[in-house]
Amino acid sequence: MAADVHKKKGWEVPNGSLVPTDGQPMERSESPTPGLVQGTEPGAGQEGGMFVHTRSYEDLTSPEDGDVASRSPEEGRGDQADQTSMAHISKDFSELSTQLTGMALDLEEEMRLSQENEMDLSPQTARRDSARSEKEDEDVTMEAWRMHQKHVFVLSEAGKPVYSRYGSEEALSSTMGVMMALVSFLEAEKNAIRSIHADGYKVVFVRRSPLVLVAMARTRQSEQEIAHELLYIYYQILSLVTWTQLNHIFQQKQNYDLRRLLAGSERITDNLLDLMARDPSFLMGAARSLPMAAGLRDTVSTCLQQAKAKSLVFSILLSRNQLVSLVRRKDQFLHPIDLHLLFNLISSSSSFREGEAWTPICLPKFNSSGFFHAHISYLEQDLCLLLVSTDREDFFTISDCKHRFQERLRKRGVSHALLEALRTPFYSVSQVGIPDLRHFIYKSKSSGLFTSPEIEAPYVSEEEKQRLLELYQYLHSRAHNSSRPLKNIYFTGPSENLLAWVTSAFELYMCYSPLGTKAAAVSAVNKLMKWIRREEDRLFILTPQTY
Amino acid sequence: MSGQRVDVKVVMLGKEYVGKTSLVERYVHNRFLVGPYQNTIGAAFVAKVMSVGGRTVTLGIWDTAGSERYEAMSRIYYRGARAAIVCYDLTDSSSFQRAKFWVTELQNFEENCRIYLCGTKSDLLEEDRKKRGIDFHDVQDYADEIKAELFETSSKTGQSVDELFQKVAEDYVQLMAFQVMTEGEGVDLSQKNSTYFYSCCHH
């Protein structure tokens with residue numbers, strides 16, 4: 001598998017000719033296509049976006065959020081000044097690696113020992129498990145358990161298990177103890193463990209005091225991306241308990257069993273992990289908008305905008321993890337991570353399908369210290385309305401907003417058209433008219449939205465779909481590699497060719513048949529961009545509304 | 001559905017996995033969904049119109065999550081409730097301990113809320129009597145002590161589910177009738193007065 005990587009210097013224009021957008025570092029404001037500055041690319045909203053400006057993947061992962069104070073000192077990465085010390089650390093790592101694999105073997109030993117102890121688990125444990133999905137009941141002694149593509153573990157700094165993707169946490173408590181030992185061992189040397197690479201596995205550690213998150217993956221994802229997924233799990237936990245509460249609890253009692261508080265949320269976390277493996281939204285750090293006629297969307301948005309209440313912050317209309325409309329309070333922006341967590345919450349439970357749900361939820365990127373209250377209801381089979389309020393007492397007011405919205409839709413006579421649009425949530429790549437093009441993902445950075453056609457043949461089976469996403473993941477990780485980012489990538493694989501193009505305004509990933517040439521692929525970019533421009537008012541949300 | 005006026009606020013309380021949602025599901029939609037357990041997130045609201053002796057009564061039912069995580073929030077769901085259906089799993093004694101906790105909460109914060117103790121999953125006992133996790137008479141004594149009604153239901157077979165909610169609605173209607181009566185007396189008194197003055201002026 002050869003990755004043909006090239007940087008076309010010729011495309012770049014001098015910095016001076018471009019307006020640096022939103023105080024980005026100058027190096028990022030270089031746009032390969034003059035005129036396509038952020039905000040003018042296809043899909044860019046007319047009055048700014050709906051989301052917090054996350055200019056790039058790095059912004060999403062960089063530890064600049066509110067919980068910075070809590071972070072353990074060894075995580076002060078990301079600073080350019082730390083570059084040298086980073087080199088130092090990685091050197092230390094290479095020296096350590098043998099020692100660590102040695103410990104990893106001990107870990108397996110430990111695991112085997114723990115299995116013997118497993119027999120005398122209290123009946124209480126058994127009961128608890130009966131309430132969880134069968135997936136959780138897996139026997140950790142079985143080979144099948146070891147064969148999973150990606151394990152995810154969450155533990156407290158006291159080494160207490162919080163979550164395990166497969167198998168019960170009780171059975172894995174000694175394994176998690178070893179993980180904590182690894183973390184502490186390096187910490188004692190004023191160092192931090194980031195990952196272990198051995199035997200086709202990547203073991204990635206993310207420390208977010210008071211929690212430690214560990215992934216053990218056999219996927220082709222980069223360490224950075226796995227860490228990114230672990231961060232999502234961390235935010236998922238925050239969304240349930242808030243950062244403030246989490247810290248308060250562990251300050252009070254270091255060996256607190258967090259599972260008590262998270263009981264019943266395993267399904268949400270499981271779903272998040274599954275979703276990240278098949279939905280490119282997470283990789284793109286953006287939301288997919290449901291294609292629909294611009295006029296229709298504007299009417300729907302206006303109806304949503306008019307059904308407002310004092311305590312409402314966001315009104316979100318979605319269909320199967322695709323955004324139909326989002327209305328926000330002026331000056332308040334939603335972060336894509338928060339939106340993903342909301343999408344995940346809704347898709348992880350069928351309990352929202354009946355009645356009206358009213359649930360506290362923390363949007364950790366917006367404010368990690370408090371709860372919003374979300375009113376969740378399904379208007380139709382696949383149409384979910386999410387109203388985010390600041391006031392927990394406001395259920396009936398918000399519920400009334402829902403009725404007013406439905407009433408307005410009916411009066412404007414768009415209910416039917418909306419349902420029609422929901423029936424065709426995807427479009428075919430053949431509409432673009434590029435014969436060799438099989439699939440693509442295009443993200444407009446300023447709107448935080450991306451568009452992508454339906455995945456069609458030959459990517460029919462789940463494995464093939466998965467493989468395609470993995471290829472995109474690979475290109476994405478190369479393009480966003482923190483030490484050596486790339487702008488243009490042409491990748492020739494045995495079954496397809498891929499092209500990636502990342503600028504300050506947009507990101508484009510294209511998948512071609514393996515028979516095409518590079519020249520043809522590059523020339524097709526223009527055609528695709530023109531097509532997206534022509535269809536942008538259908539594919540994107542160009543006129544987002546505020547209350 | 002909820003745009004309408006709600007006459008009786010009913011709150012479902014109890015440990016997770018005792019079957020509060022199933023109970024509401026059986027009552028409102030008359031069905032029992034078989035499948036993996038889905039815990040409630042936050043709380044769900046549903047309104048149901050029913051008739052008691054020719055009168056329509058709207059029950060606004062709050063189905064709360066049993067998870068400890070929402071415990072601090074729970075007061076917003078039971079505040080002002082006229083009826084609380086406190087559920088426990090007939091086969092799980094720990095869930096009864098949890099029910100007692102909710103009863104104490106209600107007694108402390110919502111004096112005017114009537115309590116209905118509800119033992120769930122009674123169909124499991126039919127399969128095997130030994131599965132009963134807590135003695136019936138003990139529960140009965142406790143119910144008497146706290147002046148609560150006691151029901152044993154099965155959402156799977158539908159046993160006693162309608163009766164439970166019917167009782168909640170009937171109690172409400174009765175209470176209303178009683179209040180109207182007492183209020184009526186007050187009105188009578190003032191009317192007497194006004195009649196008196198009226199007649200006084202007239203003559």
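How many residues of chain B are in contact with chain A, and how many of chain A with chain B? The count is 30 residues of chain B against 36 residues of chain A, where contact means heavy atoms within 4.5 Å.

Before I go on, some conventions. This is a predicted model, so local features need pLDDT of at least 70 and side-chain atom pairs count only at pLDDT 80 or more, while totals for chains, interfaces and linings use all residues. Residues are numbered from 1 along each chain as its sequence is written, chains are lettered from A and ligands numbered from 1 in the order in which they are written, and side-chain values use heavy atoms, with hydrogens and water left out.

Now the confidence scores. The model has an ipTM of 0.85 and a pTM of 0.82. For pLDDT, the predictor's confidence in each residue from 0 to 100, chain B averages 86, and 87% of its residues score at least 70. Residues 187-203 of chain B fall below 50, and that stretch has one contact in the model beyond near neighbours in sequence. Chain A averages 80, with 78% of its residues at 70 or above. In chain A, residues 1-32 are below 50, with 62 contacts beyond near neighbours in sequence. Residues 55-133 of chain A are also below 50, and there the number of such contacts is 103.

Back to the interface. The size of an interface is often given as the accessible area lost when the parts come together. Here the area buried between chain B and chain A is about 2,800 Å², and carbon and sulfur atoms give 49% of it; buried area is the accessible area (1.4 Å probe) that two parts lose on being put together, summed over both. Gln38(B), Ile41(B) and Arg69(B) supply 25% of what chain B buries against chain A, more than any other three residues.

Which charged pairs cross over? Side chains of opposite charge can pair when their charged atoms come close. The rule for a salt bridge is a side-chain nitrogen of Lys or Arg within 4 Å of a carboxyl oxygen of Asp or Glu, and it finds three across this interface. One of them joins Arg260(A) to Glu68(B), with the closest N and O atoms 2.8 Å apart.

Helices (H or I, at least four residues) and strands (E, at least two) are DSSP runs, numbered from the N terminus. Of these elements, β2(B) gives the most, with three residues.

That strand also does something else. β2(B) pairs with strand β10 (residues 356-361) of chain A in the antiparallel sense over three bridges; two strands pair if DSSP finds at least two bridges between them. In this pairing Ala357(A) stands opposite Ala44(B).

What order do the strands of the open sheet take? There are 12 strands, running β18(A)-β9(A)-β8(A)-β12(A)-β11(A)-β10(A)-β2(B)-β3(B)-β1(B)-β4(B)-β5(B)-β6(B), with mixed pairing. The edge strands, β18 (545-546) of chain A and β6 (149-152) of chain B, each pair on one side only. Within the sheet, β11 (residues 372-380) and β12 (residues 383-389) of chain A are antiparallel over seven bridges, and His375(A) stands opposite Leu387(A).

Over all chains, the search finds 27 salt bridges. Among them is Arg165(A) with Asp274(A), at 2.8 Å from N to O. Arg165(A) sits in the loop between β3 (161-164) and α5 (173-187) of chain A and Asp274(A) in helix α9 (residues 266-278) of chain A, so the pair ties together parts that are 109 residues apart in sequence.

Last, the backbone of chain A. Most residues other than glycine have a negative phi, and most peptide bonds are trans. Ser209(A) and Pro210(A) are joined by a cis peptide bond, with omega about 5°, and Pro210(A) is in the loop between β5 (201-208) and β6 (211-217). Another cis bond joins Ala457(A) and Pro458(A), again with omega about 5°. Thr242(A), which is not a glycine, has a positive phi of about 70°; Thr242(A) lies in the loop between α6 (223-241) and α7 (243-252).
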